[in-house]
Amino acid sequence: MDYNAKLDDALNRLHEEGRYRTFIDIEREKGNFPHAVWTRPDGEKQPITVWCGNDYLGMGQHPVVLAAMHEAVDATGAGSGGTRNISGTTVYHKRLEAELADLHQKEAALLFTSAYIANDATLSTLPKLFPGLIIYSDELNHASMIEGVRRNGGAKRIFRHNDVQHLRELLEADDPAAPKLIAFESVYSMDGDFGPIEAILDLADEFNALTYIDEVHAVGMYGARGAGICERDGLMDRLDIINGTLAKAYGVMGGYIAASAKMCDAVRSYAPGFIFSTSLAPALAAGATASVAFLKTSEGQKLRDKHQEQAKVLKLRLKGMGLPIIDHGSHIVPVIVGDPVHTKKLSDMLLQDFGIYVQPINFPTVPRGTERLRFTPSPVHGPKEMDKLVRAMDQLWSHCALNRAELAG
């Protein structure tokens, strides 16, 4: 076996398909988000504006978050020193879990190093707690949910995206006495569409199924205190397990589940992804706690309102230019290009010629033929940044070698 040749083959396939992923080296400027500095391949530095970040509200540079992190570093140092079970549980972790439980009005919350690990670890552990568990999973669930369901060794059923009737048919076909769990999302991050939460909860009640919702792209940004779509729609108390992240709207790092005290205790006690992982650094936990608390306030609501306004304005302006955007009413702004090579070229031209950074989204993140640029406006993308983006997209889409017909085709 020529191992290097096999690696070359694997990487060359990605290059040939136009979906090899290139990392862009950037330095965020403290207090100046969404502006950053890009180190070009030739070593030169170029100012850029980030239009694809998940720091949706700019909380990663908010003074209250930074002050909390500085205080924790000064008080405790850098790392946590171990797993949660072995010296890695601090007052900062406990405060954050209490803040998250309060956010979702649940008895408890359990902190993980990322929302990916929270999904994977929890969904792969639940069949140990409920032998014979059948998990019904939306076909467009995040890769972390898919991986958790795949690894758990139990029965699974995949229902068509947001298709409540198909979910009903699958539930009806199984043993009424079997334990069941329905796993789905509130906001699907690539198209920006919403899950039919209330209809799924009604089915869960009818068929005595547990519910597991991923609110990663909604926490901090929807609801009176930022608890997500379930809070906005008055459904939070009907969910059994809520998954969220601290790395997007909250601007820090980490993931969690919020649920009953018994559920969190059981996952804590059985999930290898929790038991054997070093816990978050205390400074990260402190920063996340400050961010969650701040976004529960009226000042947080002002950011949410501005964020929604910015998304609406950008979608309206891009639609006015005739660009093929997907608009389901959320904050996600996807522009469909439909070809991986064209998507990468458009992304490169925006960066090199206009200082606008938006990463191409290709298969397997999205289906082939739906490759896209996914814009994430924030409350601090001002009129100048918006105008520059719109002009650049109009110029590239209309007048360059990548004309509208080529890109749309």
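1. Two strands are taken as paired if DSSP finds at least two bridges between them, and helices (H or I, at least four residues) and strands (E, at least two) are DSSP runs numbered from the N terminus. On that basis, S2 and strand S3 (residues 45-50) pair in the antiparallel sense over five bridges, and Thr-39 has Lys-45 as its bridge partner in S3. The hairpin that S2 and S3 form has five residues between them, and Gly-43 in its turn has a positive phi of about 90 degrees.

2. A word on the basis of these remarks: this is a predicted model, in which local features need pLDDT of at least 70 and side-chain atom pairs count only at pLDDT 80 or more, whereas totals for chains, interfaces and linings use all residues. Residues are numbered from 1 along each chain as its sequence is written, and side-chain values use heavy atoms, with hydrogens and water left out.

3. On its other pairing, strand S2 (residues 35-39) is joined by three bridges to strand S1 (residues 26-28), and the two run antiparallel. Here the bridge partner of Ile-26 is Trp-38 in S2. The hairpin of S1 and S2 has six residues between the strands, and within this hairpin Gly-31 takes a positive phi near 80 degrees.

4. Because Arg-28 lies in strand S1 and Asp-55 in the loop between S3 and helix H2 (63-76), the pair ties together parts that are 27 residues apart in sequence. Buried means under 20% relative accessible area, exposed over 50%, and partly exposed in between, with a 1.4 Å probe and protein chains only; Arg-28 is partly exposed at 41%, while Asp-55 is buried at 8%.

5. A search of the whole structure finds 26 salt bridges, and some of the others deserve a separate remark. Arg-317 forms one with Asp-387, the closest N and O atoms being 2.6 Å apart; since Arg-317 lies in helix H12 and Asp-387 in helix H14 (residues 383-399), this pair ties together parts that are 70 residues apart in sequence. Both partners are partly exposed, Arg-317 with a relative accessible area of 31% and Asp-387 with 27%. The side chains of Arg-150 and Glu-147 meet at 2.5 Å, N to O, and these two residues, being three residues apart in helix H5 (residues 143-151), are separated by about one helical turn. Glu-99, Asp-102, Arg-225 and Lys-296 are linked in a network of salt bridges.

6. Tyr-136, placed in strand S5 (residues 134-138), counts as buried because its relative accessibility is 0%. Leaving aside residues up to four places away in sequence, Tyr-136 touches (contact meaning heavy atoms within 4.5 Å) a set of residues including Arg-157, Phe-159, Leu-167, Asp-174 and Ile-182. With Asp-174 there is a side-chain to side-chain polar contact at 2.6 Å, where a polar contact is a pair of N or O atoms within 3.5 Å; within protein, one must be able to donate a hydrogen and the other to accept it, and residues adjacent in sequence count only if both atoms are side-chain atoms. The C-alpha atoms of Tyr-136 and Ala-183, 47 residues apart along the chain, are separated by 6.1 Å.

7. A nonpolar core is a set of buried Ala, Val, Leu, Ile, Met, Phe, Trp, Tyr and Cys residues joined through side-chain atoms within 4.5 Å. The largest one has 59 residues, and those with the most contacts inside it are Ile-182, Ile-197 and Leu-246; its largest share, eight residues, comes from helix H11 (residues 282-295). A second, separate core of 31 residues includes Ala-36, Trp-38, Ala-392 and Leu-396.

8. Finally, three strands form an open sheet in the order S11-S14-S13, with antiparallel pairing. Strand S11 (333-336) and strand S13 (360-361) stand at the edges, each with a single partner strand, so one side of each is left without a neighbour in the sheet. S13 and strand S14 (residues 372-375) pair over two bridges, and Pro-360 stands opposite Leu-373 in S14. Helix H12 (residues 298-320) packs on this sheet, touching S11 and S14, and its direction makes about 20 degrees with that of S11. Helix H13 (residues 340-354) also packs on the sheet, touching S13 and S14, at about 45 degrees to the direction of S14. For these angles, axes are lines fitted to C-alpha atoms, for helices over the stretch in contact, and angles run from 0 to 180 degrees between N-to-C directions.

Note on methods. Salt bridge = Lys/Arg side-chain N within 4 Å of Asp/Glu carboxyl O.
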